[in-house]
Amino acid sequence: MLDINAYVGHWPFKQLKYNNCEVTIDRMDHFGIEISVISNLNGIFYKNTQPANKELFDEIQSNKKFGERFIPFAVINPIYAGWRDDLEECRTKFGMKGVRLYPKYHDYELSDPACIELVQLARDYDLPVAFSFRMVDSRQRSWMDIEEEWDLKDIVPIVKAVPDAKYIFLNLTNSIKLNEEEEMLLKSANMVVDTSGRSVNAFQELISRFGKEKFAFGTHSPILDYMTGLLRIESLRDSEADENTKILFRSGNAKRILGI
């Protein structure tokens, strides 16, 4: 299995366990997960995200097994000066295989020209771009944390602006309603949605709407637990998903979007 949505690092408003590479591998082994796509939570809160990417790089470099088990994604802030250099260093020196963007936390819109430029560059480098619909439940947030959570339709502007990029949508939450044009746009996009989010409770509906190639196992660990994202796959009846389809969810679709 391949977990397409995991983190190391800290969350300012919540104590986290299993939030470094060593203990994450212990959890992966316990639940039978071979590889995890991983980013550093600290980059969401640093004004300059690049030190967080360097932290992750250094941690992975500290043990050979980390490089064998983790696929690192860079956290990039496209409205911070020097972000192009950060992306280049992450890609060429740190060996990062994708980008994670946090518009709500870094305070920009998906329609911002810098965001569009970053996604275009990622497309040109064949790097997937990941967006999280929410990080933590806003009902339990600190007064210093953001309130806004995305609906599925809120991701449409960036897909419309750069329709030929590779997208990973994480922790799908709230409304999954789309108009016909929006639905066709997402169905035609090269994207996967991970299984960690609350809205994936309607998994069979989502599979029927978007197809079996659009979903991949993800945990949103260590903020969420390992089992929920997995149970959404394994609890599907044979009439809903045969074994070959479950293999796509466990790893096949993730491998396709990651190019591995």
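This is a predicted model: local features need pLDDT of at least 70, side-chain atom pairs count only at pLDDT 80 or more; totals for chains, interfaces and linings use all residues.

Begin by selecting helix 4 (residues 83-92) together with helix 6 (residues 113-124), which pack at an angle of about 20° with their axes 11 Å apart. Angles under 35 degrees count as roughly parallel, and the two helices are therefore roughly parallel to each other. Helix 4 passes helix 6 in a right-handed crossing. To see the contact itself, show the side chains of Trp83, Arg84 and Leu87 on helix 4, and those of Ala114, Glu117, Leu118 and Leu121 on helix 6; these residues divide into 5 nonpolar and 2 charged, with no polar ones.

Select Phe31 and Tyr226, whose ring centres lie 5.2 Å apart with planes at 5°, so that the pair is stacked. Phe31 belongs to helix 1 (residues 21-31), whereas Tyr226 sits in the loop between strand 9 (215-216) and helix 10 (227-234), 195 residues apart in the chain. Tyr226 is buried, its relative accessible area being 2%.

Now move to Phe203 and Phe249, where the ring centres are 5.2 Å apart and the planes stand at 45°, so this pair is tilted. It joins helix 9 (residues 203-210), which holds Phe203, to helix 11 (residues 243-258), which holds Phe249, across 46 residues. Phe203 is buried at 3% relative accessibility, and Phe249 is buried at 0%.

Finally, select Phe131, Phe133, Trp150, Tyr167 and Phe169, which form one aromatic cluster.

Note on methods
Residues are numbered from 1 along each chain as its sequence is written. Side-chain values use heavy atoms; hydrogens and water are left out. Axes are lines fitted to C-alpha atoms, for helices over the stretch in contact, and angles run from 0 to 180 degrees between N-to-C directions. Helices (H or I, at least four residues) and strands (E, at least two) are DSSP runs, numbered from the N terminus. Angles under 35 degrees count as roughly parallel, over 145 as roughly antiparallel, 65 to 115 as roughly perpendicular and the rest as oblique. A crossing is left-handed if the near helix is turned anticlockwise from the far one by less than a right angle, and right-handed if clockwise. Contact means heavy atoms within 4.5 Å. Ala, Val, Leu, Ile, Met, Phe, Trp, Tyr, Cys and Pro count as nonpolar, Asp, Glu, Lys and Arg as charged, and the others, Gly among them, as polar. Rings of Phe, Tyr and Trp (its six-membered ring) pair if their centres lie within 6.5 Å; planes under 30 degrees apart count as stacked, over 60 as edge-to-face and the rest as tilted. Buried means under 20% relative accessible area, exposed over 50%, partly exposed in between (1.4 Å probe, protein chains only).
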